[in-house]
Amino acid sequence: MEFLHDTNNNDEHKHFIWSHTDAFSISTNQIGQSACGATAIVNACQALNIVVPPKAANNAIGTRLRNYDGSLIDYLKSRSNAGATHEDFVRCLTALQQDHVVPEDLDFKFYSYLELMIGQPMEYFSEFCMGHLKTNGSLILTMNLQKDPVKQGMYGWVADAWHHQTIYGIDTSKQSFYLTNPLEMKELSSVHRVLHSASDLLIREDDLRKFITVDASSATRESLEGIAAALDDISPEWKRLNVGANFLNLMTTAAAPSTSGGNAGEGEGEGEGERSVLRRYLTIPAAYTAGVTVIRRGNAENNRGSCES
């Protein structure tokens, strides 16, 4: 990985917790399946010179896994909150305080990106995060990677999940953010794209069809309608998103040949075989809120575990 900016000296336009070399040697990579939240906690605390064993972080945060062994309903419910949320960060850090793994004076606060940025230009977010870094804050971004363009090697599919990453540096002169797990640089426009998101998740059609085979012997229209009704009954939010009807439509219609430009829930696939098809998705509610969690040493009695979302 190549970085383009010198980080020898922090100034009014840039602030780095670690140099790129130190970030490579100090930061922790993904510690387990769906454990980007626990990994972000480890890195955020390390940035405050607090060592949190990865196993302790993962146990305290209660990383949730995708359920591939149950029904389609079980699978989709597990997908909607797999991994961890910013609220789990609060529970994790509180538990680590109680176990004397992290100091009692650790503060943590969440800022919803959509609420924080009301009436603000995109550049405000860089200044906001820079201000916290300069005052000894440690920051975790919660992002919807499905907002990013389709990458090569993904066979036309968008990313499969949300993600948490710790910021270890910002250069406002270049509008660049430097992140851990993986170590990478994101331009502000890219950060904005993955943070400017509602709390939803796209489930690939192929993943749905692993649970449902539409043929005369195994999945009649009646059984699909039963699944659709059960999806809407999960919660008012699932019904509001019309998950049941969208599922039924997806399972009973064929994907069209690829054309330029898709609509919501569709994306153009790469060529596989003789022709390309539109990649189709089912949108479900997600437990995650896009934003930034700020962790710092301070007066824990005044601000412990607070969330603004």
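Mentor: Before we start, contact means heavy atoms within 4.5 Å, and a helix is a DSSP run of H or I with at least four residues, numbered from the N terminus. This is a predicted model, in which local features need pLDDT of at least 70 and side-chain atom pairs count only at pLDDT 80 or more, while totals for chains, interfaces and linings use all residues. Residues are numbered from 1 along each chain as its sequence is written, and side-chain values use heavy atoms, with hydrogens and water left out.

Trainee: Which residues in α10 meet α12?

Mentor: Arg 221, Leu 224, Glu 225, Ile 227, Ala 228, Leu 231 and Asp 232 of α10 meet Val 243, Gly 244, Ala 245, Phe 247, Leu 248, Met 251 and Thr 252 of α12.

Trainee: And by class?

Mentor: That contact has 9 nonpolar, 2 polar and 3 charged residues, where Ala, Val, Leu, Ile, Met, Phe, Trp, Tyr, Cys and Pro count as nonpolar, Asp, Glu, Lys and Arg as charged, and the others, Gly among them, as polar.

Trainee: At what angle do α10 and α12 cross?

Mentor: The axes (lines fitted to C-alpha atoms over the stretch in contact, with angles from 0 to 180 degrees between N-to-C directions) of α10, residues 221–232, and α12, residues 243–252, cross at roughly 150° and come within 7 Å. The two are therefore roughly antiparallel (over 145 degrees; under 35 is roughly parallel, 65 to 115 roughly perpendicular, the rest oblique).

Trainee: What about α3 and α5?

Mentor: Their axes come within 8 Å and cross at roughly 120°, which makes α3 oblique to α5. Ala 56, Ala 57, Ala 60 and Ile 61 in α3 meet Asp 88, Phe 89, Cys 92, Ala 95 and Leu 96 in α5, a contact with 8 nonpolar residues, no polar and 1 charged.
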